[in-house]
Amino acid sequence: MSQQIDAKAIAPPGPLRSLARTLFGGLALLRESPVGMVGFGLVLFWALVAIFAPLISPLSPTAQIQPFAAPGTEAPGGEVLWLGADQLGRDILSRIIYGSRTVLFYAPIATFCAYFVGCIFGLLAGYLGGWVDDLLNRVADIILAFPVLVLYVVIIVLIGPSGLNIVLAVTFASAPGIMRIVRGLTLDLRNRDYIAAAQTSGASLPWILFVEILPNARGPLIVDACLRMGYVIITIGVLGFLGLGLPPPTPDWGSMVADTRSMITFAPWMALFPAIAISSLVLGFNLLADGIREISLRD
Amino acid sequence: MLIFIGKRLVYMLLTMLVVSLILFLVMEINGESVARRVLGPFTSGEQIQAWLAANGYLRPWYVRYVEWLGNILTGDFGQSIRFRTPVADVLWPRLGNTAILAGVTFAIMVPLALTLGVLAGMREGSKTDRTITVTSVVTTSIPEFASAVLLTVLFSTWLGWLPGTSAMSDGWNSLELILPVMVLVLYGFGYIARMTRASMAEVMQQLYIRTAVLKGLPYRTIILRHALRNAMIAPFTVIMLQINWLLSGVIVVEVAFAYKGFGSLILEAALNQDVYLIEAATMVAVFVAVSTQVLADVGYTLLNPRIRFK
Amino acid sequence: MSRKSSPIFDWTPDQPVLQCEGLCISYFTRAGEIPAVLDFDLTVMQGQSVGLVGESGCGKSTVAMGIMRYMGRNGGIVGGRILYKGRDMASLSDEELRQLRGSEIAMIYQEPMASLNPSMTLGRQLMEVPLNHEAGISEKEAYERAVQMLADVKLPDPERVMRAYPHQISGGQQQRVVIAMALLSQPSLLLLDEPTTALDVTVEAGIVELIGEIAERFNTSMIYISHNLGLILETCDRINVMYSGVVVEEGEIAEVFDRMRHPYTRGLFNCIPLPGADKTARPLLPIPGQLPLPHERPTGCYFGPRCEFFAAGRCDAGPIEMEVIPDQPGHRTRCLRWNEIDWATRSKGKDAGEEVEAGDVVLRIDGLRKYYEVRDSSIAAMISGKRLRHVKANERISFDAREGQTVAIVGESGCGKSTFAKVLMGLETATEGEIVFRNQDLADKPIQKRTPQEIASMQMVFQNPFDTLNPSHTIGAQLGRVIKKFGVEKNPEKVRQRVLELLDLVKLPREFARRRPRQLSGGQKQRVGIARAFAGNPQMVVADEPVSALDVSVAAAVTSLLTDIQRTYRTTLLFISHDLSLVRYLADRVVVMYLGNIAEQGSTDEVFSPPYHPYTEALLSAVPIADTSIEKKRIILEGSLPSVLNPPKGCPFNTRCHRKIGRICETEVPPLLQDGPGHVIACHIPLDELRAMDPVIAEKQSAAE
């Protein structure tokens with residue numbers, strides 16, 4: 001048997017290559033789940049809308065053109081208000097397009113921060129056990145003792161509504177839940193023989209947590225991350241709806257609904273379209289999560 | 001067993017204590033800001049000092065905390081800034097309203113979700129399963145404020161069957177309860193159904209179900225006597241914790257439909273910086289949340305023979 | 001009076017109970033049809049026990065499921081037929097099939113804990129059988145029948161068991177309940193799918209004896225599925241050997257064992273460490289090659305590519321049929337060349353190796369104790385004030401190991417061998433005592449305090465091949481990581497070179513360095529585990545049941561590899577196992593542990609012959625041996641392993657000892673009797689009496705032909 005394999009040939013690929021390979025591999029797998037494909041399509045759609053907003057948007061989201069215009073009305077300037085205008089005359093389509101930017105900017109950041117915090121504490125709690133686990137669990141219990149929205153309301157009221165504060169509030173409120181999930185996964189994984197092998201070869205704590213354990217938890221965590229994104233988007237929408245979201249005139253789907261729902265009886269489109277927009281984006285993430293879960297189970 | 005329940009109760013009390021301390025510190029450590037909220041933003045420094053002295057705010061914070069805690073425990077929640085009446089007078093009736101809303105919601109949502117979940121889990125991978133799963137995914141993707149808008153437009157504006165708001169301004173009208181309940185049920189049943197489905201599907205894969213089949217038991221017996229009693233353990237916990245969720249969801253729904261409940265009260269209190277009302281409402285909400293967690297834990301232990309009988 | 005409701009059979013006892021004719025079962029996946037069982041013939045008469053033997057993937061469990069017609073959503077019978085008491089089972093209606101299951105044909109499963117409903121009392125689960133199969137039976141009658149059956153399967157306190165839940169009784173007791181459940185409606189056919197694989201050896205012996213008694217008493221026919229040839233020898237009348245979905249040889253048991261006529265059967269026997277094998281003089285001969293994948297079976301004989309008698313042009317021409325061996329009624333083989341092969345000469349394989357001389361003492365354990373603290377939160381404990389209890393996982397362990405030696409630590413679950421391995425490796429620290437390795441006391445040096453050299457010189461091979469490697473990283477990365485950690489090489493080029501060398505050492509293709517664990521088989525993963533352990537040229541390797549999760553032929557190959565490497569590097573091997581046959585084959589010295597204490601230690605010859613510690617005696621008699629010329633004394637231990645939280649006072653073995661002499665066993669810790677230099681037995685029985693014991697394993701006195 002030819003043993004001519006070059007030592008170079010077995011060099012592990014760099015981090016960027018690995019990431020690219022995971023993503024493309026993931027996409028190829030996704031083809032096996034129609035539900036997942038639909039979800040991915042929806043998410044991709046909104047992501048592109050958000051990225052290319054200035055190019056796609058027919059009008060400015062803040063220009064007041066023709067109040068209460070019905071969908072399809074032609075504006076004085078010649079542009080068509082495809083989805084109508086709101087009570088201040090702003091083009092709803094443009095506001096929805098720009099609103100996607102707001103949501104798709106803050107939601108991923110907030111989710112990422114929550115995961116960052118949740119993973120670290122979850123790994124530590126699950127792996128070290130003992131007083132570390134007890135302490136972290138107690139803290140999580142305290143935070144989770146507050147019904148989620150009550151927590152948000154109280155926090156936002158105290159520190160004021162702003163993008164950064166929303167991110168902080170979401171991180172604070174979601175991290176305990178994520179910590180619990182990661183802790184559960186860690187508890188299961190830490191008894192595997194390969195962890196004992198890593199321990200008996202003298203590996204350090206950060207190595208064991210982040211290189212040996214965490215990559216093997218990625219399946220359930222990816223599914224949870226998609227679901228959580230959906231949930232964070234809803235939260236941002238709800239905060240906007242309750243008047244605790246980003247201050248105007250930032251187009252925010254939630255506050256768009258809040259501002260216009262009293263006028264549903266004669267101008268339903270003003271609240272309907274933002275409602276459909278946010279629902280479709282969340283649906284995208286939920287379907288994507290479902291698709292990923294389906295595929296990982298089939299393996 | 002009793003020890004376990006005892007321990008949980010003690011833990012619950014401790015949690016509540018810590019929460020109350022944190023809440024108190026956050027809201028009232030700075031006496032001046034409280035004064036400003038009560039008296040208004042244009043009060044002079046002297047008026048503030050006078051008020052602080054009259055209301056005991058010049059004492060050390062731990063003394064104030066203990067007194068506050070004692071008051072809370074005896075039901076004296078102080079005076080609401082917004083409503084200008086004792087907080088308790090506003091809080092309890094509103095809580096009652098929410099309880100009605102929650103009760104009706106649960107009465108519809110739980111049986112519906114459990115049935116759908118069991119059906120889907122029994123026939124994993126079938127059309128029934130796919131339909132129920134996709135439906136659950138779709139309904140949990142529509143935020144409550146969005147479905148409130150959609151359903152109001154549909155049932156109130158276009159069809160005219162139901163009233164668009166639920167302010168109950170003309171006394172109790174059960175029709176006004178329908179839309180809020182529908183919104184809550186629509187959003188909430190999906191999660192319970194999916195958890196039940198997962199639990200049922202997992203149980204059906206277990207080896208003891210194979211044993212039951214190969215023992216020659218009829219299918220009905222296998223599902224009702226062997227599968228369900230194991231599959232229902234996890235959903236029980238989920239249902240208990242949904243009460244917690246309801247306390248959040250109720251805020252949006254009550255605001256959307258102008259229903260005078262506990263949720264809209266919390267929001268009003270927050271928006272108006274009504275300190276004492278916020279504190280009382282939060283404590284009540286936390287109490288409900290923690291109690292349901294304890295009930296869920298205890299219930300899970302009782303239902304699961306592996307833990308109950310050592 | 002109750003009447004059993006079952007389909008009508010037109011059958012008399014001189015006809016076969018079960019008959020499979022040309023049975024073919026396949027699974028249907030997205031990748032297409034995958035045949036699992038092909039051309040399967042079987043005849044079982046009343047009262048007969050037939051063994052189905054094979055390694056994983058041979059289709060034996062699928063046959064059982066096929067007989068029960070329970071093949072899941074994607075399995076199905078695609079050819080042939082199964083006749084039960086004369087009726088074609090395909091002709092049974094769903095209702096008739098339901099009546100048949102559990103009352104005519106019953107099954108006993110591999111994992112008793114998972115096969116019982118955790119949320120239902122055992123009584124209810126037992127009573128369901130007669131209540132559903134016998135019309136007109138009352139609850140009271142069903143209850144009494146169940147209690148009686150529990151007594152018949154020798155469970156103490158049957159009424160208590162009726163009220164208990166599955167997790168409240170031990171594994172052996174659970175299996176007895178499963179057996180009781182199967183027998184409650186007096187089935188004519190019993191299917192046993194590896195019923196003792198999940199149980200300890202001494203418990204297994206009790207179950208095997210029980211099954212034998214039942215077969216006699218009720219005249220039930222049995223199909224016994226196992227991978228353990230010794231077990232089949234002890235329990236069955238006939239044997240069918242399966243390979244890759246087909247039966248390759250079948251016949252009367254003594255016939256097949258003594259005069260086998262298929263190369264695979266012979267290959268299997270060559271892989272088993274029988275008493276006659278010896279690791280230097282007559283080493284195990286692994287079967288070369290690998291099991292073909294189910295969708296890639298070769299044309300002609302499936303075993304062909306691995307067979308030393310393969311004849312191109314004949315063995316791969318077309319499907320091979322079963323041939324009857326004349327003069328041997330019922331002995332058939334699926335080998336074209338059976339008549340041409342000289343079965344008397346030994347298979348080609350490894351030559352006898354050189355004996356390894358033991359060197360200096362490398363490891364000395366002295367008075368090791370490991371206690372775990374357990375917080376007892378029951379009411380009784382709170383009242384008495386004794387909240388803190390101790391689990392005495394290891395108690396007074398003392399022995400040495402020399403360079404190049406293989407020392408085996410033997411015991412069943414709960415004996416403390418895993419704890420001992422953890423303490424040795426530094427995953428735990430000892431409570432008391434000394435561990436002197438390379439002149440350093442490691443007893444209170446946890447792994448974090450050890451230098452890379454210390455770590456590299458004592459490494460471990462783990463039990464479960466599926467968990468031994470991190471699924472998220474490539475083989476090369478994992479081996480490279482360890483090489484760097486041990487300080488063997490620093491330069492990335494040199495590290496990668498060493499990785500390839502290690503793969504050569506364990507006889508794996510170099511290109512595996514790029515693969516991930518899920519692309520490797522169990523045996524291959526275990527080889528990587530061995531490569532990892534040897535990466536730093538260790539002086540000692542602790543192997544914790546390294547082959548118990550592997551198939552017989554794969555295990556032989558891995559064992560063989562381990563001994564070769566050890567011989568080359570003169571590594572000391574500390575071998576933990578419950579498999580006494582393997583221990584006898586591999587070990588130079590043996591340490592027998594029971595409930596945290598050393599019961600006996602000595603050289604292999606000393607431990608395997610009298611004088612024995614009573615536990616060693618029972619252990620030896622419990623291990624099935626696949627050799628017809630051996631006669632074994634039968635010793636069945638009563639009761640089950642005591643709880644580690646509540647160990648018996650005095651001698652830990654006294655609750656089950658068949659040679660207990662009296663009160664002294666219960667009150668005083670046994671003294672250490674010295675039978676010779678290095679041979680120590682912990683027992684109250686005087687040494688002379690022990691020396692007078694009969695050997696457990698002996699050659700049969702009656703001369704074979």
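Helices, as counted here, are DSSP runs of type H or I with at least four residues, numbered from the N terminus. Helix 13 of chain C is one such run, and Gly426(C) follows it. The phi of Gly426(C) is positive, near 95°. The model is a predicted one.

Helix 13 of chain C spans residues 417-425 and is mostly covered. Of its 9 residues, 8 are buried. Among them are Phe420(C), Val423(C), Leu424(C) and Met425(C). Two lysines, Lys417(C) and Lys422(C), are buried as well.

Val436(C) of strand 18 stands opposite Arg364(C). Strand 18 of chain C is also joined to strand 19, residues 440-441, by 2 bridges. These two strands run antiparallel too. Here the bridge partner of Val436(C) is Asp441(C) in strand 19. What do strands 18 and 19 of chain C form? They form a hairpin, with 2 residues between them. Arg438(C) lies in the turn and has a positive phi of about 50°.

Now turn to the sheets of chain C. One is an open sheet of 8 strands, in the order 7-9-10-4-11-12-14-13, with mixed pairing. Its edges are strand 7 (105-108) and strand 13 (323-324), and each pairs on one side only. The partner of strand 7 of chain C is strand 9, residues 189-193. Those two are parallel and share 4 bridges. Within this pair, Ile105(C) stands opposite Leu189(C).

Another open sheet of chain C has 8 strands in the order 20-21-22-17-23-24-27-26. Its pairing is mixed. Strand 20 (458-461) and strand 26 (672-676) of chain C each have a single partner strand, so one side of each is left without a neighbour in the sheet. From one strand to the next, the twist averages 20°. Inside the order, strand 17 (residues 406-410) and strand 22 (residues 572-577) of chain C pair in the parallel sense over 5 bridges. Val410(C) stands opposite Ser577(C) in strand 22. A helix packs on this sheet: helix 17 of chain C, residues 522-533. It touches strand 20 and strand 21 (540-544) of chain C. The direction of helix 17 makes about 175° with that of strand 20.

Chain B is built another way. It has 14 helices and 0 strands. Its C-alpha atoms fill a box of roughly 85 × 60 × 30 Å along the principal axes. Of the 310 residues in chain B, 41% are buried.

The contact takes 34 residues from chain B and 36 residues from chain A. On the chain B side, the elements that give two or more residues include helix 1 (2-28), helix 11 (233-257) and helix 13 (275-303) of chain B. Which helix gives the largest share of that side? Helix 7 of chain B does, with 7 residues. What kinds of residues make up this side of chain B? The division is 26 nonpolar, 8 polar and no charged.

Methods:
Residues are numbered from 1 along each chain as its sequence is written. Chains are lettered from A and ligands numbered from 1 in the order in which they are written. This is a predicted model: local features need pLDDT of at least 70, side-chain atom pairs count only at pLDDT 80 or more; totals for chains, interfaces and linings use all residues. Two residues are in contact if their C-beta atoms, placed from the backbone, lie within 7 Å. Ala, Val, Leu, Ile, Met, Phe, Trp, Tyr, Cys and Pro count as nonpolar, Asp, Glu, Lys and Arg as charged, and the others, Gly among them, as polar. A residue is buried if 20 or more other C-beta atoms lie within 10 Å of its own, exposed if 12 or fewer, and partly exposed in between; C-beta atoms are placed from the backbone. Two strands pair if DSSP finds at least two bridges between them. Axes are lines fitted to C-alpha atoms, for helices over the stretch in contact, and angles run from 0 to 180 degrees between N-to-C directions.
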